[in-house]
Each structure stands twice: as structure tokens, then as C-alpha cells.
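Please examine the sequence and the structure shown below. The report that follows treats selected sites, helices, strands and aromatic pairs in turn.

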Amino acid sequence: MAKNGKAGSKSVSVKQATLDLLRGFGIKRVFGNPGSTELPFLSDWPDDIDYVLALQEASAVGMADGYAQATRNAGFVNLHSAAGVGNALGNIYTAHRNQTPLVITAGQQARSILPLQAFLYAERASEFPRPYVKYSVEPARAEDVPAAIARAYHTAMQPPCGPTFVSIPIDDWTHATAPVEARKISRELGPEPEAMKTLVAALNASKHPVLVVGPGVDRAGAVDLMVRVAEKAKASVWVSPFSARCSFPERHPQFAGFLHASPGQLSDALCTHDLVVVIGAPVFTFHVEGHASIFDGGTAIFQITDDPDAAAVTPVGASIVATMKPALSALLDMLPASKRATPKGRTLPPAPKAVDPLPVEFLLHSLSEAMPEGASLVEEVPSHRPAMQKFMPMRGQDSFYTMSSGGLGYSLPAAVGMALGKPNSRTVCLIGDGSAMYSFQALWTAAQRKLPLTVVVINNSGYGAMRSFSQVMQVRNVPGLELPGIDFVKLAEGMGCEAVRVTKAAELSEALKRGLSARGASLIEVVVDSAVPLLYAQKN
């Protein structure tokens with residue numbers, strides 16, 4: 001019997017075994033940009049698996065990432081040898097930071113000419129995407145390819161999820177192999193009972209506890225559980241720094257706001273609490289230097305995470321390694337009803353006024369009011385995120401997505417993948433002019449497929465986040481921060497997409513109404529006031 005194959009099973013080609021595996025794993029789409037080393041895999045492509053063409057490999061990975069998050073199943077990507085993997089590395093890193101399950105395959109030259117350093121061969125192919133994949137291999141034999149892909153899928157889907165990589169020589173696909181079964185593997189990990197008892201006792205004794213929720217809660221589909229725990233504990237709820245998902249309804253009366261990635265500002269926000277429980281997030285993600293007084297010992301800190309590495313680097317307190325649903329379910333069952341007064345959450349600011357030049361706050365508030373029920377927002381506006389958090393409160397589960405990496409070029413292709421995975425609701429991509437130019441070609445795929453996607457480009461003619469950082473860091477005369485003269489309407493129309501430019505507040509309402517109700521993909525370019533936002537206060 002071949003390894004991982006069925007005893008007595010009839011041999012099939014490596015390609016057929018792989019396609020049957022994809023069907024068994026419920027993978028209905030493959031994302032890619034074809035190259036010569038992938039043609040044997042793509043030949044006579046079956047009708048029941050949709051090949052999603054991206055015009056560049058980074059877009060292929062970004063689309064697969066968004067699709068995987070929408071469907072909660074691994075995205076399957078087919079890249080072109082070393083050059084294609086190189087193009088895709090930025091979004092592979094983002095998938096790693098997003099903890100998105102992806103199975104990434106790449107073509108390799110024929111085994112017979114690999115010793116000759118043939119054109120398009122990948123030297124040490126499995127090392128190229130490391131350390132940002134959970135598993136990486138170029139199988140030793142052609143007949144081992146299906147088993148490697150099966151392992152890659154199971155590894156990608158095991159929490160903490162992430163991308164995996166398999167390099168496949170061009171001549172492997174026609175070799176004979178035994179079929180590989182698409183097995184079922186459990187993915188939930190329960191918490192240690194004694195550790196949970198200690199946490200429950202601490203919560204019960206606390207006078208002023210706070211819950212810090214991160215993207216792991218939404219990834220696990222556990223937002224409703226999180227709300228029930230918060231309400232039973234009568235604890236304030238903050239969002240962890242740079243959270244890429246919405247793990248708590250942002251209009252909930254216990255919702256306190258968003259923690260800064262500055263050690264000083266984060267510590268100030270939490271200093272009045274005697275107990276901090278971080279759920280589904282690191283402790284903590286910082287962006288700038290400074291003293292984190294929260295770690296000085298005056299506040300007890302607990303963490304619940306499905307990521308053992310995140311638990312290992314937590315500097316203080318106790319960490320419980322478990323997946324979110326069993327951990328939150330146990331916490332809800334064990335926690336006694338609190339006699340504390342229910343804490344008050346944040347107060348939302350008043351609606352911004354319609355003035356010209358158009359303030360970004362007015363755009364964000366107007367977009368929030370106009371978005372259809374059940375719509376999802378995919379965001380890449382780093383300089384306007386604080387304003388977005390004030391004027392666009394998210395509903396909770398499956399409502400908000402962004403990149404955890406800080407690398408641009410993710411959100412537009414991810415929004416395309418999201419729209420593919422959620423065909424019955426509207427996906428909105430909110431993106432800056434600088435960010436949009438990293439992967440603008442992804443819009444072509446949305447236009448070709450008439451996806452329910454609306455792209456809102458905030459055009460402030462430059463890299464707003466870098467303008468802000470140059471002020472915070474007190475550096476002057478920095479080149480390359482201005483982006484004048486980009487016409488996003490013409491670019492979108494060239495991709496086959498309906499588009500409009502808004503330059504005045506009075507034009508915005510009608511443009512949003514039309515764009516959000518378009519039958520296919522649409523783009524709205526909004527020219528806003530170029531005033532530099534302040535991302536960090538002086539205290540770091």
C-alpha cells in the first residue's frame with residue numbers, strides 16, 4: 001500500500017488524486033496566475049472547480065486570503081515557480097500574520113533538469129517562503145505530492161491557522177499514485193480546568209475588570225459567546241491593538257474603544273483596571289517605543305489564546321492555550337453572575353457636518369449610514385483608521401477585515417475574494433489612494449465576474465500615515481510622500497468597472513447610493529481634505 005493511500009485502491013495520476021483531494025476538502029476554487037510550470041496541472045480543467053484568474057500573484061494570494069476568511073475553509077493558490085512566489089511574498093506574510101489558512105502550491109522545473117539549474121527552476125524551493133508558512137516541502141517523489149498537499153491542508157486548518165507551501169515539479173502531475181483520503185481531524189482544543197478556575201476566581205474577586213478582545217474571537221465564529229461572557233462578567237471591553245477583525249459589537253453599551261499600539265497610551269487606557277483578560281490576541285502588539293507600565297505588576301493579566309507562540313512571548317501573567325469556543329463556553333458556564341455595576345462604554349461623537357473640502361470624517365460617517373445590512377468592510381486606510389473607528393462602528397461577527405501585517409496591497413484583492421465567498425451580500429473595500437496602487441489589477445477580476453463589490457478610494461494625494469509619522473518623529477523634507485495626479489476613475493473604467501469621482505460633500509450621498517447598489521463591481525473615488533491626521537500622541 002502506498003503511504004497514506006487505500007489498500008488495494010486503483011492508482012490514479014497525481015493530478016487526479018490532487019483534484020479529488022480538493023473536492024474532499026470542500027475546496028471549490030483555485031486562485032492563481034498561470035505559468036508554464038503549472039500548465040500540466042491546469043490542462044483539461046474540471047468544470048466543478050472554479051479557477052479564479054488574478055493578474056498578479058500577490059493578488060492571487062490576497063484573493064485566496066479573503067475567500068478563506070469568508071468561507072472559513074482553506075484557500076488554494078497555484079503560483080508560478082520562484083518568480084511567482086517572490087511576487088506573492090508580501091501577501092503570504094500578511095496571511096501568516098492574519099492566521100489565514102492557505103494551501104499554496106508553486107510550479108517547479110522538471111526533476112530531470114533540476115541539477116542543471118534550468119530556466120524557471122526554484123533553488124531550495126521549500127526554503128523560499130519560510131518562516132511565514134507553517135509547513136513547506138518539495139516532495140521527494142512524484143507519488144508523494146497528494147499526501148504532501150493533504151498534510152499542507154490539515155496543517156493550514158489547525159489553529160492557529162496559517163499558510164502552507166508545496167513545490168511541485170512540472171512532470172509530477174502525470175505520474176501514477178494511490179488516492180489519498182480527505183480525512184477529518186478535530187480542531188478544537190479545550191482549556192486546562194485548573195487554569196480556568198484560577199481565571200474565574202480572579203474575575204469574581206476583581207472590582208474593575210476589563211476584557212481585551214482580539215481577532216481570534218471573530219476568526220473562531222465566537223463573537224456571540226464573547227458578548228455573553230462580557231455581559232455576565234459586567235466587564236468593560238476594549239479591542240486589542242491592530243486587530244484585523246471585529247470581535248465585539250462596537251455599539252454595545254459595554255464597548256469601551258480601541259487600544260493604541262503605543263505602550264504609554266495603552267497603559268493609560270487600562271491603568272484603572274485591576275484585572276486585564278486578553279482573549280484571542282497577543283499581549284500586546286506595539287508599534288512605537290515607550291514604557292508599558294501595564295507590565296509593572298499593579299494589574300493582574302490573563303490571556304486566552306489558540307497560539308502557543310503568542311502565549312510563550314507574553315511577558316507577564318498567566319496564559320491559557322485553547323481554542324475560543326470551548327474556552328469561552330467553559331468561562332461562561334463557570335463564571336458566577338457578577339454583582340458589579342455594568343460599566344458604561346464609549347460615547348460616539350456627533351455626526352460630522354457636510355463642508356468642503358470634504359472631511360474624511362464626513363465620508364466615513366456617510367458610508368457607515370449607507371452600507372447595506374449584512375455588508376462586510378475590508379479596510380486599508382492606515383492614516384484614517386482612528387477616524388474610521390469613531391465614525392464607522394462595526395456590528396460584530398464577520399463585519400470587518402483588514403491586514404495584521406502592516407504591509408499594503410492586501411485589502412483590494414482580499415475584498416475580491418470576500419465578495420466571491422459572500423455572493424449574497426455587499427462587500428465594501430475602503431482603501432487609501434496609496435494603498436490602492438499596490439494591487440489595483442485585482443479590480444479586473446471583480447469586474448469580469450460582476451461581483452457585489454464597492455471600492456471606496458480615499459484620495460488625499462499622498463501617503464497620509466507617513467505624513468503623520470514624519471510629524472510625530474519630527475523629521476522633515478522626506479521624499480516620496482506625495483501622490484498627485486492619479487485618476488482612479490479612468491483606471492477603474494479601464495478595468496471594466498463603473499466608477500465616479502466625488503469632490504464635494506453634496507455629491508457624496510448619491511454616489512454612495514449608486515455605488516452600493518450597483519449590479520456588479522463599482523468604484524467611488526472621494527477627494528478629501530489632505531490635512532495630516534495625528535496617529536499617536538506625544539506620550540509614547
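## A buried aspartate and its surroundings

Asp398 counts as buried because its relative accessibility is 19%; buried means under 20% relative accessible area, exposed over 50% and partly exposed in between, with a 1.4 Å probe and protein chains only. The model is a predicted one, in which local features need pLDDT of at least 70 and side-chain atom pairs count only at pLDDT 80 or more, while totals for chains, interfaces and linings use all residues. Residues are numbered from 1 along each chain as its sequence is written, and side-chain values use heavy atoms, with hydrogens and water left out.

Asp398 lies in the loop between α13 (385–391) and β16 (400–401). Helices (H or I, at least four residues) and strands (E, at least two) are DSSP runs, numbered from the N terminus. Apart from neighbours within four places in sequence, Asp398 is in contact with Arg72, Asp218, Arg245, Ser376 and Lys422, where contact means heavy atoms within 4.5 Å.

## The six-stranded parallel sheet

An open sheet of six strands shows parallel pairing in the order β3-β2-β4-β5-β7-β6. Two strands pair if DSSP finds at least two bridges between them. The edges are formed by β3 (50–53) and β6 (136–137), each with a single partner strand, so one side of each has no neighbour in the sheet. The parallel strands β2 and β3 are joined by four bridges, and Gly32 stands opposite Leu53 in β3.

Two helices pack on this sheet. Helix α3 lies across β2, β3, β4 (75–79) and β5 (102–108), running at about 170° to β4. Helix α4 (residues 81–98) touches β4, β5 and β7 (163–169), and its direction makes about 165° with that of β5. Axes are lines fitted to C-alpha atoms, for helices over the stretch in contact, and angles run from 0 to 180 degrees between N-to-C directions.

Ala64 belongs to helix α3 (residues 57–71) and is buried, with a relative accessible area of 0%. Beyond its neighbours within four places in sequence, Ala64 is in contact with Phe31, Gly75, Val77 and Leu102.

## Aromatic pairs

A search of the whole structure finds 12 aromatic pairs. Rings of Phe, Tyr and Trp (its six-membered ring) pair if their centres lie within 6.5 Å; planes under 30 degrees apart count as stacked, over 60 as edge-to-face and the rest as tilted. Two of the pairs are tabulated here.

| Pair | Centre to centre | Angle between planes | Class |
|---|---|---|---|
| Phe31 and Tyr67 | 5.4 Å | 55° | tilted |
| Trp45 and Tyr51 | 6.0 Å | 75° | edge-to-face |

One aromatic cluster is formed by Phe41, Trp45, Tyr51 and Trp173.

## Helices α8 and α11

The buried residues of α8 are packed against β9 (209–213), α7, β10 (236–239), β12 and α11. Among the residues buried in α8 are Val223, Leu225, Met226 and Val227. Just after α8, Lys234 adopts a positive phi of about 50°.

In helix α11 (residues 324–334), Met324, Ala327, Leu328, Ala330, Leu331 and Leu332 are buried. Their cover includes α6 (193–205), α7 (215–219), α8 (223–233), β12 (275–279) and β13 (300–305).

All six residues of strand β17 (residues 427–432) are buried, so the strand is largely enclosed by the rest of the structure. Thr427, Cys429 and Ile431 lie on one side, and Val428, Leu430 and Gly432 on the other. Strand β15 (residues 376–380) runs parallel to β17 and is joined to it by five bridges, with Leu377 opposite Val428. Six bridges join β17 to strand β18 (residues 453–459), also in parallel, and Ile458 in β18 is the bridge partner of Gly432.

The axes of helix α12 (residues 360–370) and helix α19 (residues 505–516) come within 10 Å and cross at roughly 35°. Phe362, Leu363, Ser366, Leu367 and Ala370 in α12 meet Ala505, Leu508, Leu512 and Leu516 in α19. The residues of this contact comprise eight nonpolar, one polar and no charged; Ala, Val, Leu, Ile, Met, Phe, Trp, Tyr, Cys and Pro count as nonpolar, Asp, Glu, Lys and Arg as charged, and the others, Gly among them, as polar.
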